[in-house]
Amino acid sequence: MKEGHEIIDQVYAAKSDPDAADGLIRQYMGFIRAETAKFLNRPPAEGRDEEFSVAMLAFYESILGYEKGKGAFLSYSARGIRNRLIDHYRKERRHAHLSSLHEAVEDDAETLKIDMLEDSRNEIQALHDRSAVREEIDEFERKLLEFGISFPEVADNCPRQGRTLAACQRVLAAARRAPALLDELLGTGKLPVTALARASGVERKTMERHRKYLVAVLLAFTNGYEIIRGHLYHLSSSDGPGAADGPASEGSRENGA
Amino acid sequence: MELDMGEKTTYLVMETHPAYVVLLDSEGRFLKAANCGYERGDRIDTAILIEYPQDKRRRRRRALRTAVSLAACVALAVLGVQQYRYVFVPYGTLQMEINPGVEMEISRSGRVVGLTGTNADGEALVEGYDYGGKDRYEAADELADLAVEMQFLEEGGQIALTAEAESAQWVEDTERRMKSELEEHLADHSIRVVISTDPEEKVIQEETESVTIPAPQQTAPAQEDAEGAQQAPASPAAPSAPAAPAAETPQAVQPPVSDDDGDSGYGDDDGDDGDDDDGDDDGDD
C-alpha cells in the first residue's frame, strides 16, 4: 500500500519535472522491457527494436496522462504500452512490403544490408558538421536557460493546432520586420507582448499561452544560430521581406554573436 | 551546412532523454518523439511523435461530437421523411357522389392533397376550387356549399360517400366522421340531404370472412331443401322468394367466394338482390 502511494507520488512529480521522469523511466526499465517482450514474444534488442523505443515513449505518455482515479499506475501504463505497440504495429504493416536495411544479407549471416551500402559521405566533414550543430544547440540551450526555459518545456508549450502555430509564426514575422523587438527581448529578458501584439495583430492571450515557445523561436532568429535558422527554412522562406538573410537579421546576428 | 530544400519535413534532434527526444522540425515546431537511439544534432526524416493525453481527449470529444451530429442528422432526415409522408403523400381517397362526382386524395394527416372530378359535373364543380392546405372536412363542407351554390345539390338531395384505403379502420372512421360533419354543416345552412356511406362493400367484406360455403350436393332431398330455405330465406335459389325482401335485409346476402365455381348451392351470385336503397336511389338521380 505504501509502495503504491510512493509510485503515485513519483508519477506526479515526473509530470512536471523532466529529470524525475527520466529517473522513473530508468527505475522501471525492466517493466517496460517485460511489457515489450510480451508483445513481441521475445526479449527486445535495445537499439535494434523500434518497439522498445515506442514502449518507453508510451510509458512516458502514461506518466503524463495518469490520474489517481485511473487505478494502479503500472496496470494503467501496461495498457498504454500495449495499445501504443498495437497502433505502431498497424502503422508499420503498411510498409510490410518494403525490405529493411537492417536485415541480414543472407540467412544466418551477421552482415546487414546497410553495411554493404557504399557510403558516399565525407565522414570527416560529417563529423565536423555534427560537432558544429551540437555546439550551436548547446549555446541555444544555455541562452534559453537564461530565460528559465528548457527544451522539454518549449516542446510542451509548442502550439499543436495549425491555426495557433500560424499565429505564432505571424508574431515571429512581425518581430523579424522590427529587429528592435528582438533586441528588447534580449535586453530585458522578457517577451514584449504588447508591442508584438500590435505589430502582428495576434491576440495577447494567444501569445501569453505560448510564451515559452515564442521566446525560443524568437531567440533562434536573434543571433548566431545559423544552423538552427537554416533548418527552419520553411519559416525563412515564408516570411517575406524580413527573411532570415535580410539586413535586419544580419545586423542583429552580428550584434549578439 | 546546407539542408535539403524539399517539401518533406525534417527534424533536428535538440535534446535526448531515455524515453524521448526533443525535436525541432523544419516548420518551427518543437516536438517530443520516441528516442530510437538518436543523439543531439542528428537530422532525421521520420519520427514517432508523442501523443499528449489532452490531445487524445480532445480527439475523442471531437469524434463523439461528430458522431452525435451525424446521428442527429440521420434522425432529422428520418423524421423529415416521415413527416413528409404524413402530410403530403396520399394515404386514402374519398369519393363524394353528389351527382357531380368528386374524388379527394387525403394524406395520413387529413390534408387534401389531390382533388379531381370523376364526371363532367364533378370537373365543373372542382374547377377553380383551391384545396391546397385544407383539411378534408373543410374541403368537403366547401364542396357541398359550392354544389348548393351551383344548384347541383338541393333540399332532399343525396350525397354518397365512399372512402378507400389500405386501412379498414381509416375507411370506417373517415366515412363516419365525414357523414356527421356534412350533416351538421348542411343542417347549419338549413338544407336537409340524405348522406349515405356505401355499406355494400363493407357488409360483403365482413361476411366474406365468416361465411362457410357448404359442399355442393348431387341430390337435394326435400328435407335439406326445406332447411336451406330456412337458413337463407332471401336466397335466389328458392324460386318462390321474391327480390324485395332481400333488399330489405342486405346482411342476409351471401356473396360468392372467388375460388368457387359458382355452383355453391345458393344459385346465382349476381348480388343485385342484395343491393340496398343506394342502388335504387342512384338510378333515380
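A salt bridge is a side-chain nitrogen of Lys or Arg within 4 Å of a carboxyl oxygen of Asp or Glu. The exercises below apply this cut-off to a predicted model.

**Exercise 1.** Decide which residue forms a salt bridge with K143(A), and where the two residues lie.

*Solution.* Begin with the distance: the closest N and O atoms of K143(A) and E146(A) are 3.4 Å apart, and the cut-off is 4 Å, so the pair counts as a salt bridge. Finally, consider E146(A), which is exposed, with a relative accessible area of 61%.

**Exercise 2.** Work out which parts of chain B are tied together by the pair R192(B) and E155(B).

*Solution.* The closest N and O atoms of this salt bridge are 3.7 Å apart. R192(B) lies in the loop between α4 (168–188) and β9 (194–197), while E155(B) lies in the loop between α3 (136–149) and β8 (158–165), so the pair ties together parts that are 37 residues apart in sequence. R192(B) counts as exposed at 67% relative accessibility, whereas E155(B), at 49%, is partly exposed.

**Exercise 3.** Describe the salt bridges between chain B and chain A.

*Solution.* Start with the count, which is 6 salt bridges between the two chains. One of them joins the side chains of E141(A) and R40(B), at 2.9 Å from N to O. Then widen the view: D138(A), E141(A), E15(B) and R40(B) are linked in a network of salt bridges.

Methods
Residues numbered from 1 in each chain as written. Chains lettered and ligands numbered in written order. Predicted model: local features only at pLDDT ≥ 70, side-chain atom pairs only at ≥ 80, totals over all residues. Heavy atoms only, no water. Helix = DSSP H or I, 4+ residues; strand = E, 2+ residues; numbered from the N terminus. Buried < 20%, exposed > 50% of the residue type's maximum accessible area, 1.4 Å probe, protein only.
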